[in-house]
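Colleague: I have a few questions about this model. Can we go through them one at a time?

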Amino acid sequence: MFNHLLRRIVLSLIALVGITLLVFILSHVVPGDPARLAAGPQARQEQVESVRKEYGLDKPIPQQYLIYMVNLFKGDLGKSLQSRRPVSEDLVDYFPATLELTLVATLIAVIGGIASGLLSAVHKNKLIDHVTRVISLGGVSIPVFWLGLMLVLIFYRALGWLPFGGRLDPSLSPPAHITGLYILDSLLTANWRTLGSSIAYMVLPAITLAFSSLGVVSRMTRASLLDTLQEDYIRTARGKGLQERFVLMRHALKNALIPVITIIGLQFGGLLGGAFLVEVIFSWPGLGTYAMKAIMFLDYNGIIGVTLLTGLVFMVVNLLVDLTYLVIDPRIRAQ
Amino acid sequence: MSELPVDLGLTLAPKYTFGSTLLRFLRRSPLATAGLIIVAITVLIALFSKWIVPYNPIAPNLDVKLAAPSLQHLLGTDDMGRDILSRILAGTSVSLTSAMIIISVSMAFGTLVGLIAGYLGGWIDDVLMRLTDIFLAFPALILAMAISATLGPSLQNALIAVAAVWWPWYARLVRGQVLSVRNMEYVEAAHSVGARPMRVVLRHILPNTLGPLLVQATLDVGNTILLTASLSFIGLGAQPPTPEWGSMVSVGRLYLLSYWWVPTMPGFAILLTVLGFNLLGDAMRDFADVRERAL
């Protein structure tokens, strides 16, 4: 198992290097002059050339890539053409918002998905099962950006129950920076007003983002649980007179969760991607918002930085998923 | 001897063909039938949209801009006064054609890579699979976004970007299928009678990968429509005035709070179409499972 993990880490690192190469090649064979864009439309040729020199865009492409990779190992992602700051600093600023949104959405998807999958499996072919299944199929079919707009229309515009736009009421100042996650920071500093506001602003974007993954987790839980309930040890557990509730939670659900955890790991990638769309709708100041600006400015360093960071996060999450197997499945531990 | 001279009075047992089994399956599953109906209607609209649109889907008509749904304009009009229903109908073929292009390109390329990797094995397999790892190591939307952003915003580039992140799934699927049939006796038999590797791959291995590929392709129609629409939504795919659903929602977003129908209607079209393909794909997957279980 240790060897397996090591192999996974090495392969993921190769993949990371591969992706830098892929995005780098792509971004340098296309038309469009980033130096001119950064210098502005009114800039004279000399100014454009000086920007070009400043960012190393005048060197041959292989050399540019080498310089980029050497810097990358030093944690330097280059300078952003749009903010004129180091990309790594930009990412540090924008990442916590995306992380908080994605974590809350994952939590909603996992808890909601497992609960509804359990309900569906226990009441197989009853009304509640049909309703849950139709909703989960709807979840994977609905465009996340449209769902966000519809929730805004209903809960903000029509009912006025929830706020939208940003992470916090504009009259409040953000909680003291500890982790950059507003909900957590508000809790840590016992700042109840910002806590309430940041939770209220979180509800719509998090539900929007979680919806499709919730459906996937729910379907997986249902299918896996129905399989597990056929097993001999379940019959044994029932046969020796255990309460049905105990059989379900301790014997069936625990074993049924293994494939579900795999799915959750894979879904996390979808959630990260979806977060980019959700951020656009809810003016959420995270990586997606940053990426949109980078795209408009042809800011290659910014685009590569965002892509690499999300890839890295996705990789770490999937490694964690592998580790979770160790905890819940003694058979894998024994190998 | 061409024919038996006497009628033996035998009738053939009812024959369970693929078609008849499929038909019985659909009859038992109302959701699958719903999916099939939605897909059929969508395809018909895509084919005949030119003749059934009530208004010109592209030409602006500022006299009636942002008109609410009415008998003249069933789904209302957008910021340029264009009939939203007409644009949705015209957009059907944009979405379906895009999905078809993405799936055929990524399926062709992925199948090729998967066949080579699975059949040859060894270091070639290793290299090719590490290559797919690179693509799968990133959230699909983000990688597609990065590729499409670097190529520049257009529908064509968005299709290239989506196909670029999609083919590894097919490569994996086909490779897995090849590995599972490569050592079967009939493949060995083909080798031993002197069939060339190319012939073995094309005639004996490839046909056995087609079933799962077809199921996957149906499920992927919905996914690729969503991904392409997402790219258009963030401004990287189809550009105005092309009647593409994602970009219609994107433009309509600005009018959400005062003119709700502008972004709502095209998004609903995406939902309905994707739902149709997912219902059908799900049913096909169950159907394939049933066949596997029966064998």
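Colleague: How many residues does chain B bring to the contact with chain A?
Modeller: This is a predicted model. Chain A gives 42 residues to the contact. The number from chain B is 37.

Colleague: Which element gives the most to the side of chain B that touches chain A?
Modeller: Elements that give two or more residues there are α4 (122-136), α5 (140-151), α9 and α11 (261-294) of chain B. With 10 residues, the one that gives the most is α5(B).

Colleague: At what angle do α9(B) and α10(B) pack?
Modeller: Helix α9 spans residues 210-233 of chain B, and helix α10 spans residues 245-252 of chain B. Their axes are 7 Å apart. α9(B) passes α10(B) in a right-handed crossing. The packing angle is about 35°.

Colleague: How many charged residues are in the contact of α9(B) with α10(B)?
Modeller: From α9(B) come B:Thr228, B:Ala229, B:Ser230, B:Ser232 and B:Phe233. From α10(B) come B:Trp245, B:Gly246, B:Ser247, B:Val249 and B:Ser250. Four residues of this contact are nonpolar and six are polar.

Colleague: Where in chain A is confidence lowest?
Modeller: Chain A averages a pLDDT of 84, and 94% of the residues score at least 70. Confidence is highest in helix α7 (residues 144-158) of chain A, at 93. The lowest mean, 67, belongs to helix α14 (residues 330-334) of chain A.

How values were computed:
Residues are numbered from 1 along each chain as its sequence is written. Chains are lettered from A and ligands numbered from 1 in the order in which they are written. This is a predicted model: local features need pLDDT of at least 70, side-chain atom pairs count only at pLDDT 80 or more; totals for chains, interfaces and linings use all residues. Axes are lines fitted to C-alpha atoms, for helices over the stretch in contact, and angles run from 0 to 180 degrees between N-to-C directions. Helices (H or I, at least four residues) and strands (E, at least two) are DSSP runs, numbered from the N terminus. A crossing is left-handed if the near helix is turned anticlockwise from the far one by less than a right angle, and right-handed if clockwise. Two residues are in contact if their C-beta atoms, placed from the backbone, lie within 7 Å. Ala, Val, Leu, Ile, Met, Phe, Trp, Tyr, Cys and Pro count as nonpolar, Asp, Glu, Lys and Arg as charged, and the others, Gly among them, as polar. pLDDT is the predictor's confidence in each residue, from 0 to 100.
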